Amino acid sequence: MTENARFLAGTFEHDGVIYPKDFNRSVIERPEIVNCREDDVFVASYPKAGTTWMIEIVSLIMNEGNTEINSSTPQLVRTPMIESNLELPFRLRWTIHLLKFLEPILPKFIIQSRSIKMLLLLEKTGLEAAIGLKQMEKIPSPRLLKCHLPYQVFPSQAIEKKCKIVYVARNPKDTGVSYFHHCSLGFPPMDYKGSWNDFYQLYVNDKVWYGSWFDHVLTWWQHRDDENILFLKYEDMKKDPKGTVKSIAVFLDISLRDDTIDNIVEFCSFKKMRKSETVNISLVVGEKNKHQFIRKGVVGDWMNFFTVAQNKEYEKIYEERMKGSGLDFEW
Ligand code: A3P
């Protein structure tokens, strides 16, 4: 089996869009089952748009600059990803308990192995904590929730209740390169072993999780003027992080002091987030891997990956798909 065929074997398709097989199918097939509260806030995006960065910013705004929870609790626990489905089987939970107990006496090479590190990370995050729906129920209001869902399968209750949604988009070339690194992180389901050239074929043919970048971003873009949706771009966040924090605070109706805004920008800087164990999963599971989660954080890294021919092909698709949309990106 080729690496791309192996990747595709780990997915399922709904409405022409593919998703990782172990995600919660019901959330995607029946968006009405997700219980939403009126004061829920969502960060939505196509993967690799800077979602983790946006979540840090929005959560700090919601906490009026208090960094305590962000420093102590993994982001995936405090901001559940609703379509995720990490339900730990009973036996695995016991293995984790046992591991935690034995950790002080186990040889270092066992503790350092990637799978054991991953299990210990899960222990840290709260055991029965499924990362998806069940965990959502446990979180007190106002909740901050994450998803990568296309608009057409976004929880319908959230739309009806006009929950606030911050959507972040990033130019598709950098997104594709970042996606390649993400899929190659080295632990399931992110264990893609092919080259960039192989991955490009998946990306350009919409055979990656969450499907076509264009369909995803353009459908959300059509809703940019809805009163409960704020559409932002990664490139603008890079250019003006302080302005970004201010505009989100206004959208959420939260007033912040100027020094609080500065602190939020600083706490969420690339340098700080890269060192943070609560957001940078590479620090916990894949430190030695050349692929990183909080990796480069720049605009234009695609130039180091796209070949001349790939770029020519992609530019043509971009021109065709974006024509008349009024949406453009800098790269
Ligand atoms: P790169 O792989 O290009 O470096 P997501 O959170 O949606 O998975 O997006 C991940 C991308 O956002 C990665 O891009 C990551 O480095 C970047 N990123 C994360 N935190 C950032 C920050 N504070 N500033 C700039 N970019 C950041």
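Helices here are DSSP runs of at least four residues, numbered from the N terminus. The model is predicted.

**Stop 1: Thr 79**

Select Thr 79, which sits in the loop between helix H5 (75–78) and helix H6 (90–102). Thr 79 has a relative accessible area of 3%; because buried means under 20%, this residue counts as buried. Now show its surroundings. Leaving aside residues up to four places away in sequence, Thr 79 touches Ile 55, Leu 144, Leu 145 and Lys 146.

**Stop 2: helix H16**

Next, select residues 258–267, which form helix H16. Which residues of H16 are buried? They are Thr 260, Ile 261 and Ile 264. Turn the view to look down the axis of H16: the buried residues fall within an arc of 100°, so they line one face of the helix.

**Stop 3: H15 against H16**

Keep H15 and H16 on screen and hide the rest. Their axes come within 9 Å and cross at roughly 120°. The two helices are therefore oblique to each other, and the crossing is right-handed. Show side chains for the contact. On the H15 side, select Pro 241, Lys 242, Val 245 and Lys 246; on the H16 side, select Asp 258, Ile 261, Asp 262, Ile 264 and Val 265. Coloured by class, the residues of this contact divide into five nonpolar, no polar and four charged. Ile 261 and Ile 264 take part in the contact with H15 and are also among the buried residues of H16.

**Stop 4: H13 against H19**

Move on to helix H13 (residues 213–221) and helix H19 (residues 308–322). How far apart are the axes of H13 and H19, and at what angle do the helices pack? The axes are 11 Å apart, and the angle is about 30°. Angles under 35 degrees count as roughly parallel, and that is why H13 is described as roughly parallel to H19. The crossing of H13 and H19 is right-handed.

For the contact, select Trp 213, Phe 214, Asp 215 and Leu 218 in H13, then Tyr 314, Ile 317, Tyr 318, Arg 321 and Met 322 in H19. By class, the contact of H13 with H19 has seven nonpolar residues, two charged residues and no polar ones.

Technical notes: Residues are numbered from 1 along each chain as its sequence is written. This is a predicted model: local features need pLDDT of at least 70, side-chain atom pairs count only at pLDDT 80 or more; totals for chains, interfaces and linings use all residues. Side-chain values use heavy atoms; hydrogens and water are left out. Buried means under 20% relative accessible area, exposed over 50%, partly exposed in between (1.4 Å probe, protein chains only). The arc is that of the directions from the helix axis to the C-beta atoms. Axes are lines fitted to C-alpha atoms, for helices over the stretch in contact, and angles run from 0 to 180 degrees between N-to-C directions. Angles under 35 degrees count as roughly parallel, over 145 as roughly antiparallel, 65 to 115 as roughly perpendicular and the rest as oblique. A crossing is left-handed if the near helix is turned anticlockwise from the far one by less than a right angle, and right-handed if clockwise. Contact means heavy atoms within 4.5 Å. Ala, Val, Leu, Ile, Met, Phe, Trp, Tyr, Cys and Pro count as nonpolar, Asp, Glu, Lys and Arg as charged, and the others, Gly among them, as polar.
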